[in-house]
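Please open the model in a viewer and follow the stops below in order.

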Amino acid sequence: MKDSNCSIPEPSIKPETTQGAQANNVVPASEEAILRAVRLLREGQVIGLPTETVYGLAADGLNPAGLARIFEVKQRPLFDPLILHLADLEGALRLAEQVPVAAYRLAERFWPGPLTLVLRKREFVPDLATSGLPNVALRVPVHPVAQALLRTWGGPLAAPSANRFGRISPTDAAAVRSELGDAVPLILDGGPCAVGLESTVIDLSGDQPVLLRAGGIPVEEIESLVGPVERATPVDDRPQAPGQLKHHYAPRKPLRLVERSEDIPSHETIGWLAFGETGNHISFPGTVENLSPTRDLREAAAHFFRALRVLDENPRVAQLYAVPLPAHGLGRAINERLERAAH
Ligand code: TXA
Ligand code: MG
């Protein structure tokens with residue numbers, strides 16, 4: 001990825017592993033494991049796949065049986081279309097009917113990386129992948145394990161985030177395991193996700209670029225290349241992107257957003273999703289997960305879903321609290337997720 005302020009590793013098959021992920025469907029992403037993944041995908045099965053954004057639940061992007069299995073395992077409504085992942089730009093754009101100049105510009109700058117482009121689809125792209133829409137969502141991930149699998153596979157892999165529908169996205173293999181358990185025969189462990197938020201989704205099928213979901217590439221960086229990007233407004237029912245659903249990314253416990261940390265009740269059953277210095281609150285009796293003590297938005301993004309999950313799973317915590325982050329760059333993408341998790 002040419003985005004210099006993003007420290008994502010170059011492709012190679014040397015994944016780290018996640019500590020504590022001991023279940024037998026979680027395996028280090030060795031070359032042998034990748035070959036096993038390919039065999040499963042060929043049979044129409046799903047596998048857990050690390051990407052730089054979040055872990056995906058991958059299936060053969062051209063096989064309706066595999067695609068159907070994704071919806072079944074995730075308990076995802078069929079109106080919610082999937083992203084197709086390809087190893088490179090050429091492979092990805094081959095699935096699009098019309099490729100506007102803006103798409104080339106963004107793809108050349110941000111692929112491989114956390115950007116998804118929605119374009120007019122070619123006829124052969126299955127309806128199940130696009131929920132019957134005339135457009136297809138395309139992404140080229142940079143994670144070395146995703147790259148290795150896609151290169152070995154040779155075609156598109158559909159992969160939504162590997163959580164049950166509406167729940168917190170998984171950013172390590174253990175979280176995939178805790179979301180989906182044994183419903184997935186193989187979860188490739190590629191360590192914790194470096195970006196930690198899903199890809200930014202930009203619809204380029206119309207006259208003007210539209211932001212369908214804020215994500216790993218700040219929208220400011222996209223606008224600097226292709227000009228103003230329209231914001232799609234959140235909806236309640238059939239969304240153009242589930243990132244647009246008002247209720248999404250939800251913890252099991254209630255999450256409240258407050259304007260200032262002073263507004264957080266001082267109680268031992270409170271879980272505080274903090275950002276920056278928490279020194280003033282040293283006497284806070286609850287549980288604190290600090291997204292970034294130094295107020296670094298990239299660090300906060302990388303920790304966001306994990307911190308949410310840790311508080312949600314902590315038996316001491318009954319209610320979660322957070323203060324929105326600064327509303328620029330990745331802060332906006334985090335705030336969107338906070339608002340939906342709190343809705
Ligand atoms: O970072 C990511 O994008 C992760 C990793 C695994 O690649 N994937 C992911 O997928 O977040 P999912 O399914 O959780 O979110 C896909 C987003 C949704 O908001 C979906 O509605 C939108 O992309 N999308 C997919 N196909 C679309 C289409 N044809 N038109 C409009 N939006 C589409
Ligand atoms: Mg998702």
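Select β9 and β10 to begin: the two strands form a hairpin with six residues between them. Strands here are DSSP runs of E of at least two residues, helices are runs of H or I of at least four residues, and both are numbered from the N terminus. Strand β9 (residues 200-203) runs antiparallel to strand β10 (residues 210-213), joined by three bridges; two strands count as paired if DSSP finds at least two bridges between them. Within this pair, Ile202 stands opposite Leu211 of β10.

This is a predicted model, in which local features need pLDDT of at least 70, side-chain atom pairs count only at pLDDT 80 or more, and totals for chains, interfaces and linings use all residues. Residues are numbered from 1 along each chain as its sequence is written, chains are lettered from A and ligands numbered from 1 in the order in which they are written, and side-chain values use heavy atoms, leaving out hydrogens and water.

Next, select strand β11 (residues 230-231), which is parallel to β10 and joined to it by two bridges. Leu211 has Arg231 as its bridge partner in β11. Between β10 and β11 the chain passes through helix α8 (residues 219-226) in a right-handed β-α-β crossover; right-handed means that, with the strands pointing away from the viewer, the path from the first strand over the helix to the second runs clockwise.

Then move to the open sheet of four strands, ordered β12-β15-β13-β14 with parallel pairing. β12 (255-257) and β14 (287-290) are at the edges with a single partner strand each, so one side of each lacks a neighbour in the sheet.

Finally, select Arg256, whose bridge partner in β15 is Tyr321.
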